[in-house]
Amino acid sequence: MNNPKLSIVDLTKRYAPGLDPAVDCLSMSVEEGHLVALLGPSGCGKTTTLRMVAGLMDPTSGSIMVDGKDITQTPVHKRGMGMVFQSYALFPHMDVAQNVAFGLQMRKVGSKEQNRRVVEALDLVKLGHLAGRQVKELSGGQQQRIAIARALVVEPTLLLLDEPLSNLDAKLRENMRTEIRSIQQRTGATTLFVTHDQDEALDMADRIAVMNGGIIEQYGAPAEVYERPQTHFVADFIGQANFFASAVVADDGAAADGERSYVVDVDGFGRFGAVGAAGLAGSTHEIVVRPHRLKTSLQQPAGPFIEGVIERVSYTGDSLSLGLRAGGKELLSQMPTASSGIPRLGQTAYLSWDPADAFIIPGTAGIPHGTERPATADALAAQDVA
Amino acid sequence: MSIITAAGNSAPGPGLAPGVLEKAKSRRDRRTFLALLAPAILGLVASFVLPLAYMVRMSFNEGGPDGVVEEGFTLRHYIEPLGDSYFWKVTLDTFQMGLVVGVLCVLVSYPVAMFLARSTSKFKGLLTALAIAPLLTSAVVRTYGWMVILGDTGLVNSSLKSMGFITDPLKLTNNMTGVTIGLVEIFMPYAILAMISGFGRLSPQLEEAAGSLGASKFKVFTRVTLPLTLPGVLTAFLMVFVLSVSTFITPRLLGGGAVQVLATEIYDQTTGLLNWPFAAALSVILLVLFGIIISVYQRLTKKIGA
């Protein structure tokens with residue numbers, strides 16, 4: 001394995017003694033040229049982590065290494081990071097070109113070279129024509145791109161983005177996602193990106209670190225995090241999910257990618273198929289099925305099924321989103337609009353899934369099983385936290 | 001009911017040209033506006049504009065140091081001081097004092113204002129109140145306080161003496177040094193308030209951004225913090241300058257008669273020598289100088305984009 005660009009080892013930040021740590025013994029490494037998203041709800045420690053990497057905040061313990069060199073004690077202005085702030089933090093008393101040139105001036109780059117690189121950076125973000133403008137004359141999206149140009153012009157060791165899209169309106173945000181991703185790929189800048197928006201993370205990142213309560217719950221490629229969530233939190237935070245407390249009854253043979261197929265006894269609903277890691281037979285776990293993988297039909301299917309009553313129908317054009325109640329449990333599903341008639345509220349629907357579409361979440365071992373009434377999703381979530 | 005409501009909400013009926021209602025409304029707004037302003041305008045006219053006009057008129061009257069004022073028109077009180085070296089010295093001393101007090105006051109208040117503007121402490125409100133609390137006591141009281149502290153047998157001199165640093169007391173009162181020390185302290189609350197309100201453009205993120213772009217702490221201060229706080233600094237300086245130049249009590253008491261500035265000179269001419277026309281002329285000159293300074297200040301602030 002090649003050496004990582006950035007590695008964080010046992011990083012901890014405690015704002016005050018006695019308080020729970022904001023970042024708790026966090027370790028991760030980022031490969032050269034990758035864009036890594038730190039994803040999580042507010043207060044999960046993602047921004048704190050980014051600020052410690054930037055050098056804007058001192059860690060309580062642990063270390064940060066760039067290119068194998070420990071920079072934990074290096075002051076912010078000697079780290080050579082390119083940081084883009086949520087508020088962009090453009091200098092209001094300088095024009096666009098002066099803002100972009102600031103980092104070069106601090107590095108005592110000659111004025112000719114400065115001009116060349118400023119023009120280059122502004123062209124990179126397609127705003128070369130705005131060089132002489134005052135910052136306050138720019139729109140939010142333009143300020144955003146100037147902030148990126150200002151961070152990139154110094155050829156930073158790492159590009160750090162703190163919720164860069166949260167101040168933009170929805171339409172612009174979509175454009176900027178593609179824009180930032182393409183700039184990042186063209187420059188090859190290793191990038192750490194803080195966001196609370198799972199769509200943004202899935203769309204842009206090479207790797208996602210899903211954070212919660214100061215720790216990384218899961219670190220992996222977008223598809224991995226979405227398809228193979230390792231904890232209840234990850235499955236719940238990324239995308240929509242149906243959870244079922246289940247007893248893993250028997251190993252049913254090999255599945256794809258080294259996983260095993262299992263027969264699971266789903267609380268209150270009978271036996272279904274699911275996939276998961278090896279050696280789970282005999283345990284109790286939660287399984288997750290994504291709404292669009294939950295096959296919904298108005299006729300009874302051949303295999304095992306869950307019978308539910310339709311409580312909510314929302315029409316989105318190409319598909320229908322359904323809210324169903326089955327045995328005291330609320331379930332979400334999706335179905336194509338033209339399949340088997342348009343379901344009415346109160347109608348009975350039959351839910352089933354392909355064994356490959358149900359994943360046994362490893363981090364939920366020991367979930368209580370066999371109670372007469374199936375637990376609700378909320379109760380399970382509470383269990384998981386406890 | 002619904003029909004009436006609907007009609008009431010509709011556009012002006014036939015016969016009313018478009019815009020008439022709006023005009024009527026704006027006329028009504030203007031009347032309200034004037035009615036609300038009237039008390040303040042009347043008050044200002046009675047207590048400021050009329051006395052000022054009277055003072056300007058007075059400055060052209062004939063009169064002498066015997067208290068006799070004769071109605072008339074003469075430029076004597078303007079021309080005479082211009083050729084008088086004593087007047088020039090007093091004017092220069094006054095402005096020099098304003099400049100020194102302004103600069104020192106801004107220097108000592110800047111860190112305090114910066115701290116208060118940045119603080120996220122729950123005591124921030126209390127600390128701000130404490131910083132401006134001296135305004136609750138009069139300048140006279142505080143000046144006497146400084147006389148006690150700075151006098152020949154005052155706190156400073158007796159402490160230094162008992163520690164053996166000096167044998168003869170330092171001359172800290174009855175001179176410009178004492179006046180300057182007193183004025184700087186007395187005007188600090190104004191400077192702090194003016195600067196706190198002028199620091200709005202500086203967000204900590206801008207300094208962090210500068211740091212992340214490679215600026216050392218010193219560079220962050222000179223390239224980002226200072227330029228962005230300059231409007232507040234200028235406002236504070238101007239305020240303290242104007243207050244110092246026009247103040248009378250502190251130069252009189254702490255100066256002990258040895259410090260003559262325009263304000264004390266005007267006072268002496270008015271109450272001591274009873275030469276009202278000359279005192280009025282000096283006041284007008286001071287007013288004109290203020291006008292010039294304020295217009296320069298406005299041009300400066302426009303230039304730095306405040």
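Predicted model: local features only at pLDDT ≥ 70, side-chain atom pairs only at ≥ 80, totals over all residues.
Empty space within the model was examined next. As a general principle, rolling a probe the size of a water molecule over the atoms shows where empty space is left. A search of the whole structure returned three cavities of 30 Å³ or more. The volume of the largest cavity is about 70 Å³. Its lining comprises A:Tyr226, A:Glu227, A:Arg228 and A:Pro229, together with A:Val288, A:Val289, A:Arg290 and A:Arg293, and also A:Ala356, A:Asp357, A:Ala358 and A:Phe359. Two elements of chain A, helix 7 (222-227) and strand 14 (284-289), each contribute at least two residues to the lining of this largest cavity. In terms of residue class, the lining of the largest cavity contains seven nonpolar and five charged residues, with no polar residues.

The largest pocket has a volume of about 440 Å³. It is lined by 19 residues, of which A:Gly55, A:Leu56, A:Pro75, A:Val76 and B:Lys217 are the closest to its centre. The elements supplying two or more residues to this lining are helix 9 (204-212) and helix 10 (217-246) of chain B. Of the elements lining the largest pocket, helix 9 of chain B gives the most, with four residues. The lining of the largest pocket divides into seven nonpolar, seven polar and five charged residues.

For the second largest pocket, the volume is about 280 Å³. Among the 16 residues that line the second largest pocket, A:Leu152, A:Val153, A:Glu155, A:Pro156 and A:Thr187 are the closest to its centre. Helix 3 of chain A (residues 111-124) gives the most to this lining, with five residues. The lining of the second largest pocket consists of six nonpolar, four polar and six charged residues.

In general, two packed helices are described by the angle between their axes and the distance between the axes. Helix 5 (residues 124-132) and helix 8 (residues 176-198) of chain B pack at an angle of about 140°, and their axes lie 8 Å apart. At this angle, helix 5 of chain B and helix 8 of chain B are therefore oblique to each other. On the side of helix 5 of chain B, the contact is formed by B:Thr128, B:Ala131 and B:Ile132, whereas helix 8 of chain B provides B:Pro189, B:Ile192, B:Leu193 and B:Ile196.

A second pair in chain B, helix 6 (residues 139-150) and helix 7 (residues 155-162), packs at an angle of about 15°, with the axes 4 Å apart. Because angles under 35 degrees count as roughly parallel, helix 6 of chain B and helix 7 of chain B are therefore roughly parallel to each other. Here B:Val148, B:Ile149 and B:Leu150 of helix 6 of chain B meet B:Leu155, B:Val156 and B:Asn157 of helix 7 of chain B. The contact of helix 6 with helix 7 of chain B comprises five nonpolar residues and one polar residue, with no charged residues.

Note on methods. Residues numbered from 1 in each chain as written. Chains lettered and ligands numbered in written order. Heavy atoms only, no water. 1 Å grid on protein atoms, 1.4 Å probe; cavity = no way out; pocket = protein on both sides within 12 Å on 5 of 7 lines; lining within 4 Å. Points joined across faces, edges and corners; volume = space filled by probe spheres on them. Nonpolar A, V, L, I, M, F, W, Y, C, P; charged D, E, K, R; others polar. Axes fitted to C-alpha atoms, helices over the stretch in contact; angles between N-to-C directions. Parallel < 35°, antiparallel > 145°, perpendicular 65-115°, else oblique. Contact = heavy atoms within 4.5 Å.
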